[in-house]
Every structure is written in structure tokens, then in C-alpha cells.
Amino acid sequence: MRDINKLSELHQGKSALVIDIHSSDCMRRRLQDLGLIKGAEVSCLQKSPLGDPVAYLIRGAVIALRYEDSSCVQIECCEV
């Protein structure tokens with residue numbers, strides 16, 4: 001089963017594929033520079049105690065993103 005969600009909704013320990021980024025040009029470019037491009041696999045590694053920021057594994061690098069930024073990234077969760 002496949003669901004389309006926001007990256008900010010991805011549960012800890014789960015992975016998903018990036019579908020699109022809905023953000024301003026500057027933030028869109030920054031997220032793409034971090035490796036969030038269409039088809040990239042993203043894993044949610046750890047959420048901070050208050051839920052913001054969250055650590056994600058993106059193309060071999062651990063990146064912390066704020067809720068505001070991760071909610072702009074549309075993902076497709078794949079259940080195995």
C-alpha cells in the first residue's frame with residue numbers, strides 16, 4: 001500500500017521516497033542541495049523530545065530539518 005504524505009509526518013524508523021517540494025524558490029533549492037530530489041529515499045532517524053527538529057538520513061548524510069521545512073516535502077511511503 002502506498003500513501004502520499006508530508007515528510008514531517010514520517011514516523012521514526014520509517015522510510016519514504018521524495019515526490020515533490022512545495023516551497024519558495026530559495027527554500028526549494030536549499031532542500032534540493034541537501035539531497036531531497038524526486039525519487040530520493042529518506043529515513044526518519046530520530047525526533048527531538050519536543051518534535052522539532054527531526055533527524056533524517058538523506059543520501060548517506062544525516063540532516064536535521066525543522067517542521068516548517070520538512071512539511072514542504074511531499075513523500076510516498078512504501079510498506080514492505
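**View 1. Arg59 sits in the loop that links β4 and β5.** Helices (H or I, at least four residues) and strands (E, at least two) are DSSP runs, numbered from the N terminus. This is a predicted model, where local features need pLDDT of at least 70, side-chain atom pairs count only at pLDDT 80 or more, and totals for chains, interfaces and linings use all residues. Residues are numbered from 1 along each chain as its sequence is written, and side-chain values use heavy atoms, with hydrogens and water left out. Arg59 has a phi near 50°, a positive value in a residue other than glycine. For context, most residues other than glycine have a negative phi. Arg59 counts as exposed because its relative accessibility is 59%; the cut-offs are under 20% relative accessible area for buried, over 50% for exposed, and partly exposed in between (1.4 Å probe, protein chains only).

**View 2. β3 pairs with β2 and with β4.** Pairing here means that DSSP finds at least two bridges between two strands. β2 and β3 run antiparallel over 3 bridges, with Ala16 bridging to Val42 in β3. β3 and β4 are antiparallel too, over 5 bridges, and Cys44 faces Tyr56 in β4. The β3–β4 hairpin has 6 residues between its strands, and Gly51 in the turn shows a positive phi of about 90°.

**View 3. Val42 is tucked away in strand β3.** Val42 counts as buried because its relative accessibility is 0%. Leaving out residues up to four places away in sequence, its contacts (heavy atoms within 4.5 Å) include Leu7, Leu10, Leu36 and Tyr56.

**View 4. The largest nonpolar core has 19 residues.** Such a core is a set of buried Ala, Val, Leu, Ile, Met, Phe, Trp, Tyr and Cys residues joined through side-chain atoms within 4.5 Å. Leu7, Leu36, Tyr56 and Val73 touch the most other members. β2, α1, β3, β4, β5 and β6 each give two or more residues to this core. Val73 touches Leu7, Val18, Leu31 and Leu36, among others, not counting residues up to four places away in sequence.

**View 5. Leu45, Leu57 and Val62 make a nonpolar surface patch of about 230 Å².** Leu45 belongs to strand β3 (residues 41-47) and is partly exposed because its relative accessible area is 36%. Patch members have over 30% relative accessible area and no salt bridge, with like charges joined within 9 Å and nonpolar side chains (Val, Leu, Ile, Met, Phe, Trp, Tyr) within 5 Å. A salt bridge is a side-chain nitrogen of Lys or Arg within 4 Å of a carboxyl oxygen of Asp or Glu. Areas come from the Shrake-Rupley method with a 1.4 Å probe; for residues, only the protein chains shown count as cover.
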